[in-house]
Amino acid sequence: MIVLEKRPMPSQVWAWAAPLMAVALTMLLGGFLFAALGKNPVSVIRTIFWDPLFSEFAWFYRPQILIKGAPLVLIAIGLSFGFRAGVWNIGAEGQYIVGAICGAAVALALYPMDARWLIFPLMVVAGALGGWVWAMIPGVLRVRFGTNEILVSLMLVYVAEQLLSGMALGAMRNPDGMGFPGSRNLAQYPSAANLDLIAGTGMHWGVVFALIAVIFAYVTLSRHLFGFQVRLAGQAPRAARFAGVNPARMILLCMGISGALAGVAGLFEVAGPSGQISIDFNVGYGFTAIIVAFLGRLHPLGILAAGALMALTYIGGGIAQSQLGLPAAAISLLQGMLLFTLLAVDVLTNYRVRFGRREVA
């Protein structure tokens with residue numbers, strides 16, 4: 001009989017081995033999925049995880065990994081603060097959308113002013129504020145009325161999606177677009193464009209901010225008092241209260257950080273790779289970032305690596321769709337498998353497997 005025996009202390013080896021095993025299991029289970037769809041599993045796995053990095057067209061795909069990975073890392077870093085403290089912000093997708101709307105609104109309101117030194121910084125601030133305000137709604141409701149921030153933040157995603165549609169079809173619609181939904185293309189507006197800092201590399205301001213966020217989070221969580229309070233609030237809430245940690249303040253700070261970073265990620269996306277506010281602007285980065293955060297063990301460096309891996313599935317998945325006829329839903333399912341396999345393997349962090357007969361009481 002297989003018995004799970006609780007470990008005296010969580011295993012640090014398994015804590016870091018679990019993500020690697022989860023990736024391997026995801027590839028294995030994904031292979032069965034692709035075989036069931038009538039595809040060669042080895043060919044599909046190679047296309048997703050190998051071709052974007054080492055094929056003859058890798059020079060084109062590699063910059064896309066930075067472009068896709070930057071918003072994932074930014075959002076996941078923000079979420080990691082809350083998750084570590086036991087604050088569960090599941091609505092980063094909505095904060096991402098609202099941040100993009102607010103940042104684009106600044107650019108469109110000042111169009112066609114030629115003042116990049118003023119407009120682009122204002123867009124960044126507006127994007128951060130938009131995401132922060134949207135995250136404060138579940139945060140304040142949790143502090144003031146004890147509501148569940150998981151449900152409120154998640155429901156606000158759908159409100160944000162309706163707001164996005166309303167803006168794309170109404171207030172922000174391009175007056176020169178002949179009635180088609182969507183705003184002006186900000187990538188073609190020099191004062192608002194978030195273009196490559198070095199042409200052809202994919203290195204835009206969103207990537208720079210993502211790297212800064214990783215450094216900031218690492219220093220804060222490992223060297224600053226606030227980082228210690230975040231860890232303490234998540235691991236021992238009662239001890240945190242005795243240590244002087246204000247639970248309400250912690251909830252608002254963590255929600256605010258995650259909302260602001262999600263909003264900034266939305267701004268960098270709408271000003272660059274996406275280019276405009278449209279009804280299909282959001283592509284699920286806010287939800288995928290949850291997988292990135294847990295796959296990276298809520299550690300800034302781990303999140304950076306997990307973000308690159310998840311970006312690889314986006315790029316490789318696109319190649320597999322175009323070259324092998326793989327359904328888009330199969331790629332989303334593969335990404336979801338990463339989280340479920342991680343949760344399954346993560347049991348071994350706190351429990352060890354014993355084989356033998358059950359003892360009779």
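**Exercise 1.** Which residues do ring pairs link into a cluster with Tyr96?

*Solution.* The model is predicted. Start at Tyr96 and follow the ring pairs. They link Tyr96, Phe281, Tyr285 and Tyr314 into a cluster.

**Exercise 2.** Count the aromatic pairs, then classify Phe81 with Phe226.

*Solution.* 
1. Ring centres within 6.5 Å make a pair. By this rule the count is 14 aromatic pairs.
2. Planes under 30 degrees apart count as stacked.
3. Now place the two rings. Phe81 sits in helix α4 (residues 58–85), and Phe226 sits in helix α9 (residues 225–235). The pair therefore ties together parts that are 145 residues apart in sequence.
4. Check burial. Phe81 and Phe226 are both buried.

**Exercise 3.** Classify the pair Tyr96 and Tyr285, and locate both rings.

*Solution.* 
1. The ring centres of Tyr96 and Tyr285 lie 5.9 Å apart, with the planes at 85°, so this pair is edge-to-face. The cut-off for that class is over 60 degrees.
2. Tyr96 belongs to helix α5 (residues 92–110) and Tyr285 to helix α12 (residues 285–295). The pair links distant parts of the chain, 189 residues apart.
3. Tyr96 is buried, as is Tyr285.

**Exercise 4.** Which ring has Lys6 over its face, and which has Arg144?

*Solution.* 
1. Take Lys6. It lies over the face of Tyr351, at 5.2 Å from the ring centre.
2. Take Arg144. It lies over the face of Phe145, at 5.2 Å from the ring centre.

Notes. Residues are numbered from 1 along each chain as its sequence is written. This is a predicted model: local features need pLDDT of at least 70, side-chain atom pairs count only at pLDDT 80 or more; totals for chains, interfaces and linings use all residues. Side-chain values use heavy atoms; hydrogens and water are left out. Rings of Phe, Tyr and Trp (its six-membered ring) pair if their centres lie within 6.5 Å; planes under 30 degrees apart count as stacked, over 60 as edge-to-face and the rest as tilted. Helices (H or I, at least four residues) and strands (E, at least two) are DSSP runs, numbered from the N terminus. Buried means under 20% relative accessible area, exposed over 50%, partly exposed in between (1.4 Å probe, protein chains only). A charge sits over a ring if NZ of Lys or CZ of Arg is within 6 Å of the ring centre and within 35 degrees of the ring normal.
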